Amino acid sequence: MSATAPLHLAAEIGGPPRYDPAHYIDLARLAERGALDFVTLGDSFLRPGLDALAVLARVAPATHRIGLVPTVTTTHTEPFHVSSAVATLDWVSRGRAGWYVDVSTTGAEARLFGRRPAAPADELWQEAGEVADASARLWDSWEDDAEIRDAATGRFVDRDKLHHIDFEGAFFSVRGPAIVPRPPQGHPVVVVDGTGGPAARVAARHADVVLVRATAPERAAALRAELRRRAAAHGRDPRALRVLLALTVDLGDIETAPEPGLESGPPLSAGGSYYRGGPVDLAELITRWHRGGAVDGFHLTPITPGRDLERIVNGTVALLQHRGLFRTFHPGGTLREHLGLARPANRYAQERGRA
Amino acid sequence: MTTTTRPMHLAAHFPGVNNTTVWTAPRAGSQIDFSSFEHLARTAERGLFDFFFLAEGLRLREHHGRIHDLDVVGRPESLTVLAALASVTHRIGLAATVNTTFNEPYELARRLATLDHLSGGRAAWNAVTSPDAFTGENFRRGGYLDRAHRYTRAAEFVATARELWDTWTPDGTPRPFAHHGRHFGIEGEFTVPRSPQGHPVVIQAGDSAEGREFAASAADVIFTRHGTPESGRAFYADVKARLAKYGRERDELRIMPGVTFVLGDTDADAQERAAEIRLQQVSPQNAILALEQVWGRDLSGHDPDGPLPAVDPDPTASATRGRVAHGDPLETAARWRALSERKGLSTRQTVIEATGRQSFVGSPRTVAERLVEFVAADAADGFVLVPHLTPGGLDEFVDRVVPLLQERGAFRSEYGGPTLRSHLGLAEPVWKG
Ligand SMILES: Cc1cc2nc3c(=O)[nH]c(=O)nc-3n(C[C@H](O)[C@H](O)[C@H](O)COP(=O)(O)O)c2cc1C
């Protein structure tokens, strides 16, 4: 990969639970000032805190360009509801929505629903793949020009451009079509943490953005090559996959001597990579890894969002911008445009075109 | 004009997937763009309305096995739209219709409590029950629940949500919960602290005896179709009388029929506009559709400008799926025939007359008077206004009728408090830890 490929940057804005929207709006606006591609907001049914998708919907009208990517889990939520909510986030944000796919593995989560016992991760990720698949079909179930408003014939829609998806998986079925018209991005951006195991399989098949964890550039490059190879095997264009290094950052200690480079820190997230030091050294690290072509960008999880995100934006990002390595504004309007990803063609329109 | 000591409550329904909404008018805009929701919600807030209301449908309607294509189709998901609207409004309540059959209490209670936090205490939930297995085909829960089970599930669902909303102590300490009932067996810890309203406002819509009983036991507001003074009074008396059984006072439940309106500079003006709107709502194609919905038969060859079909309805056939059926088809057909003969009406004219939905037609003054009388007569506590245009359908009402209501002391001149409960005059629920 050439050293001039655009750098992509994203940040997690969750942290200790907060219940006031102003907190999240401030963080998203800060990330937007830094021209970051998107912010994520983590979620689970166990962790104290608000529903992440709703929080980012609340943030949407208070921001203009930044991508908004909530975690929505697939284990206990109806696939039809997942696809509708994510499509709606895309509508209310005018094309800035993503979906961070995750599963619920614990018995404690299963007991909150009482519908099924906890299942092994393999099975849950297979199901998550089905939910991603069914969602994409639902997003396509309305062709873009299905709404015709033809007063002469009295028809509001052209029903030949609305499609039952008739999805039958191993875990559920959905008849369709969606109730939400095809969202502005066609498909909101799908993000998966796919370092290994069953999540990597789902990532290669369904994700637009894959987060990987690695402590050396060679390892990250190998992960990316493997993801691309698998994506191609699924008939996808391997270049339409953005691989970001997931990095937990602690910029709180800038008074003490910096510890440059990436170190394997406390196990904050399984196999996670962890950086502690100053914002300038973080910029060095990002520059080195990106120049070397190991990754397409970084997803930074600040240890303390209120403090560290400010240092990332005003320190690290400002320096990367100064070096001409990162853009200073969002040239486009949608998250897909920030990521350099095309708006997906509609599978049903294509089938009709071929027929 | 009569004055009332009982101020009315007003809510705004977002026009959408129904044959009331006129999409052919030049001023009709998008039913999906966020700007439409923003315009209507802000207008309603400018009019100091209690709440802004979104309906729900979880399957596109089908007619003769094909997707119904004559009315507005497609809508975004309610709770997400309302969370975004919380950003661009400040006082108005935000009400989402969410089905109890195809959701689970833990998740929905969490989403509703989230909306209450994000809006500073403005969330409401219209807890509807699904009528059919047709909708179920989109869900893994799937299937059909008969009416009795739908309502026992709905009642247990709402009760469970309330248990979850009560798990955090008012001083902010989470405590574990365990609910083991007929429909749900769940336990754990709820992740959201008690929300600004204590419990989001609960609305019920549904008319059967089971539905009314459920509302009397559990709802803060009823959204009803009883929009005429006579049926409104009967409904009002019936439901309010059911409250005592549950140890509730008459004013702990607000009854709000969904109503439409047409304004004009004079009453005659308004009547003329109303007739034009009815023609737009009941296009020739829509007249045939309405016919087929009652007759259960393919009547695509029938002339909408001719008389009603000579053939009788097929009471066993159901042409349209995804729509709540109203009444017995043979009775409806007989009523329509009598109407058509008495007035010498064509098919289309008959449908226009028989399915008339314009509740309040007149000059702003006339409409204001009728609304006040309606409430004074104990036919309602207020209204859910269903405009026929997106998104400007409420502008004229807010600019011209609301000031007249205010002059008469029949409607507020400013919001009294920050929460929807305070607009509705409902107390915050007592914490039952
Ligand atoms: C005024 C009114 C509005 C309703 N709105 C909805 C709605 O938006 N979505 C929905 O699924 N059902 C809606 N319903 C249907 C009811 O929840 C219920 O399923 C239906 O009325 C059948 O129950 P019943 O026999 O008690 O009337 C509505 C009903 C009424 C009366």
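1. Confidence in chain A. Chain A of this predicted model has an average pLDDT (the predictor's confidence in each residue, from 0 to 100) of 93, and 93% of its residues score at least 70. Where pLDDT is low, the predicted coordinates should not be read in detail.

2. Conventions. Residues are numbered from 1 along each chain as its sequence is written, while chains are lettered from A and ligands numbered from 1 in the order in which they are written. Local features need pLDDT of at least 70 and side-chain atom pairs count only at pLDDT 80 or more, whereas totals for chains, interfaces and linings use all residues; side-chain values use heavy atoms, with hydrogens and water left out.

3. Ligand surroundings. Oxygen atoms of the ligand make polar contacts (pairs of N or O atoms within 3.5 Å): a side-chain N or O atom lies at 2.6 Å in the case of B:Tyr151 and at 2.5 Å in the case of B:Ser208, while B:Asp207 places a backbone N or O atom at 2.7 Å. The protein covers 87% of the 610 Å² of accessible area (Shrake-Rupley method, 1.4 Å probe) that the ligand has on its own.

4. An open sheet in chain B. Three strands (DSSP E runs of at least two residues) form an open antiparallel sheet in the order S4-S3-S13, pairing being counted if DSSP finds at least two bridges between two strands. Because strand S4 (66–67) and strand S13 (320–321) of chain B each have a single partner strand, they stand at the edges, and one side of each is left without a neighbour in the sheet. Strand S3 (residues 62–63) of chain B is joined to S4(B) by two bridges, and B:Glu62 has B:Ile67 as its bridge partner in S4(B).

5. Backbone geometry to check. A cis peptide bond, with omega about -5°, joins A:Gly176 and A:Pro177, and A:Pro177 is found in the loop between strand S8 (173–174) and strand S9 (189–193) of chain A. A:Arg149, although not a glycine, has a positive phi of about 45°, and its place is in strand S5 (residues 147–150) of chain A.

Methods
Polar contact = N/O pair within 3.5 Å; in protein donor to acceptor, adjacent residues only side chain to side chain. Helix = DSSP H or I, 4+ residues; strand = E, 2+ residues; numbered from the N terminus.
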